[in-house]
Amino acid sequence: MTGQFEVLPELEGGPGVIHGGVMAAIFDELQGILGIVTQLVAVTAHLEIDYRKPIPVGATVDLTATVEGRIGRKLYTTASARIDGQLVAGSQGIFVVIDPDAHYGEGASRTLGISP
């Protein structure tokens with residue numbers, strides 16, 4: 001899966017750069033959505049982030065995310081953030097496949113669009 005976002009001033013942490021927690025949330029959402037794309041719903045069990053370079057406000061960040069594999073209920077994922085082709089941050093995650101109705105409540109599958 002791929003995506004893109006612009007670093008708005010509201011996302012600033014340190015002077016002139018994105019807040020690291022915002023980038024963590026973006027990686028979490030990006031990798032979590034991979035399950036839904038494959039008709040699975042998964043929640044975060046483990047998320048690692050490597051911040052390689054400061055990500056400046058105003059930059060356009062290109063994102064990629066991949067399911068690297070699945071063992072049982074665990075989805076193993078990776079994601080990267082690049083500016084002009086240069087890696088600025090990367091992430092690895094383990095997401096656990098759940099039954100949305102059992103986890104979130106009856107009707108969650110329908111709300112997520114994964115039930116007939």
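Strand β4 (residues 74-83) and strand β5 (residues 86-98) pair in the antiparallel sense over 10 bridges; two strands count as paired if DSSP finds at least two bridges between them. Within this pair, Y76 stands opposite I94 of β5. The two strands also form a hairpin with 2 residues between them, in which D84 takes a positive phi near 50°. The structure is a predicted model, in which local features need pLDDT of at least 70, side-chain atom pairs count only at pLDDT 80 or more, and totals for chains, interfaces and linings use all residues. Residues are numbered from 1 along each chain as its sequence is written, and side-chain values use heavy atoms, with hydrogens and water left out.

The chain contains 3 helices and 5 strands. Helices (H or I, at least four residues) and strands (E, at least two) are DSSP runs, numbered from the N terminus. Read from the N terminus, the elements follow the order β-α-β-β-β-β-α-α. Along the principal axes, the C-alpha atoms of the chain fill a box of roughly 45 × 25 × 20 Å. Of the 116 residues in the chain, 34% are buried, where buried means under 20% relative accessible area, exposed means over 50%, and partly exposed lies in between (1.4 Å probe, protein chains only).

The 5 strands make an open sheet in the order β1-β3-β4-β5-β2, with antiparallel pairing. Strands β1 (2-6) and β2 (41-51) stand at the edges and have a single partner strand each, so one side of each is left without a neighbour in the sheet. From one strand to the next, the twist averages 25°; axes are lines fitted to C-alpha atoms, for helices over the stretch in contact, and angles run from 0 to 180 degrees between N-to-C directions.

Strand β1 pairs with strand β3 (residues 60-71) in the antiparallel sense over 5 bridges. Here F5 has V61 of β3 as its bridge partner. Strand β3 is in turn joined to β4 by 9 bridges, and these two strands run antiparallel. Across this pair, A65 stands opposite A79 in β4, and L63 stands opposite A81 in β4. A hairpin is formed by β3 and β4, with 2 residues between them, and G72 in the turn has a positive phi of about 60°.

The C-alpha atoms of A42 and V7 are separated by 27 Å, and the two residues are 35 residues apart along the chain.

A nonpolar surface patch of about 510 Å² is made by M1, I33, I36, V37, Y104 and L112. Patches are made of residues with over 30% relative accessible area and no salt bridge, with like charges joined within 9 Å and nonpolar side chains (Val, Leu, Ile, Met, Phe, Trp, Tyr) within 5 Å. Accessible areas come from the Shrake-Rupley method with a 1.4 Å probe, and for residues only the protein chains shown count as cover. A salt bridge is a side-chain nitrogen of Lys or Arg within 4 Å of a carboxyl oxygen of Asp or Glu. Helix α1 (residues 20-37) gives the most to the nonpolar patch, with 3 residues. I33 lies in helix α1, and at 35% relative accessibility I33 counts as partly exposed.

In an unreviewed entry, UniProt lists residues 16-71 as "domain: Thioesterase"; UniProt positions are given in the numbering used here, feature names are shortened, and annotations may be inferred rather than shown by experiment. The span of residues 16-71 is 32% helix and 41% strand, and its end C-alpha atoms lie 41 Å apart.
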